[in-house]
Amino acid sequence: MATPRAYLKPAPDGTAHIMLRYKTHEGSNYVKSTGIRIHPGKFDPKKKEYINWKNGKVVKLAGAPEINLSITQQASAITSAVAKIAATGKRTTPDLIRAAIEETNEKANGSIVSYLGDILGTKEAPGTLRATIKHNSVKIYETLITHLKEYEKKQRTPIAYSDVNRSFFKGFIAHLRKTNAPNATRKLCGTLKTVLREAVRDGRTNSREFEDVRLAEFRLKKETPVTVYLSIDELEKIFTWRNSVELDNHKLKNILRREADRLILGCWLGLRWSDFAKVTKKNLFEIAGGWRLNASPEKTDDPVTIPIFPMALSILESYGMEAPPKISQQKANAYFKDVCRLAGIKEPVATPDGIFEKWKLITTHCCRRSFATNLVRLGFPEHKIMRLTGHKESQSFNRYVRITNEQAADDIAKEFAEAAAGMKIVHSKTA
């Protein structure tokens, strides 16, 4: 049996990659990068500082035995793959060698889900993917793990590195779209590709089929999302439904009532989903002017104080001044839609994909938008509302405000009528 040979492949910066080549009996070559780069000038067979396969000598790399070991192990993996193929009676080809090595690596290193778990569980060592993940971005990796596990359960098999190809993305994206907005789906798929690139660098896999997948193929271009908010009238409608909900299924009735509470509370507190856990007794306090919530948002860590409005206070009191029990954001998105549908939030909303009843567009993100928009429509100054939401810039804050031209006209007309009460206004036709 032939043996793998090492050689140097020059790099543009003057260094060289250590490559491994295996020549099959039919003359085709299986070529693999070891992932190791050296300075060619350090190569000196006389001093025995490098494995000189080319001259048929096996020598050591002084001061770096781990590199020597890595080359030996990778060469052995090729030899083992060739033996495995030969045992099946098939012809040895570069593609079969690659597949055999990939299968062996996956058995040794686990699935993508286990690798993601390893990434989040490691220390933030310099040069690792974990070191580049900001604290407030860890959630996207945790969410990705949740969705991958759900998809594995649906497919009834762990997701291996070599499974991630165009066909995989087609199915996985369809799965994500059931509970995620287009931009969230795009972000999750982009994060998955980042993880796979890191797995290649780590030597967990040699599969690069995912690199050929363009997310734009699946209409996952970045787009301005269609966002909605719940008006005060709509929140009152949900609150009324919540007090009189009638369902034959008692368990479902309790769940939907609880999720109606969560939705209403979120719209009157204006917190991000990640900060909802801060709604606890220890962070709530009462003063002469009513109840307040002190919270330090994870994204900014700058403390905010939020007044507890009557509808929110009513809900908090029913839970002993605590938020409803925590559930996943994905489940909350689904329940919020059910609550709004049953409560009759069915105003038609135009989107690039067609016209939908409003309840279909409701997610946890609408809570913060509803809070900001309703306070603006009530006439509170923007700079004061920003102190409650934790925004530093008007541009960022205004992304949360959803007021139509008609609503703006109605609000200004109402404010003018109130301001003009008692003023002598002369109409031109009656002058």
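Which helix and strand each supply at least two residues of the lining of the second largest cavity? The answer is β6 (304-307) and α13 (382-389).

This is a predicted model, where local features need pLDDT of at least 70, side-chain atom pairs count only at pLDDT 80 or more, and totals for chains, interfaces and linings use all residues. Residues are numbered from 1 along each chain as its sequence is written, and side-chain values use heavy atoms, without hydrogens and water.

**View 1. The largest cavity.** A cavity is a set of points on a 1 Å grid over the protein atoms alone where a 1.4 Å probe fits but cannot get out. Two cavities of 30 Å³ or more are counted. The largest has a volume of about 50 Å³, taken as the space filled by probe spheres set on the points, which are joined across faces, edges and corners. Its lining residues (an atom within 4 Å of a point) include Arg262, Trp273, Phe336 and Cys367.

**View 2. The second largest cavity.** This cavity holds about 30 Å³ of space. Among its lining residues are Leu269, Asp275, Val304, Ile306, Leu388 and Thr389. Helices (H or I, at least four residues) and strands (E, at least two) are DSSP runs, numbered from the N terminus.

View 3. Helix α10 spans residues 310-318. Its buried residues are Met311, Ala312, Leu313, Ile315 and Leu316; buried means under 20% relative accessible area (1.4 Å probe, protein chains only). They pack against α8 (232-244), α9 (250-269), β4 (284-287) and β5 (290-295), with contact meaning heavy atoms within 4.5 Å. Just after α10, Gly320 takes a positive phi of about 70 degrees.

Key: On a 1 Å grid over the protein atoms alone, a cavity is a set of points where a 1.4 Å probe fits but cannot get out, and a pocket is an open set with protein on both sides within 12 Å along at least five of seven lines; lining residues have an atom within 4 Å of a point. Buried means under 20% relative accessible area, exposed over 50%, partly exposed in between (1.4 Å probe, protein chains only).
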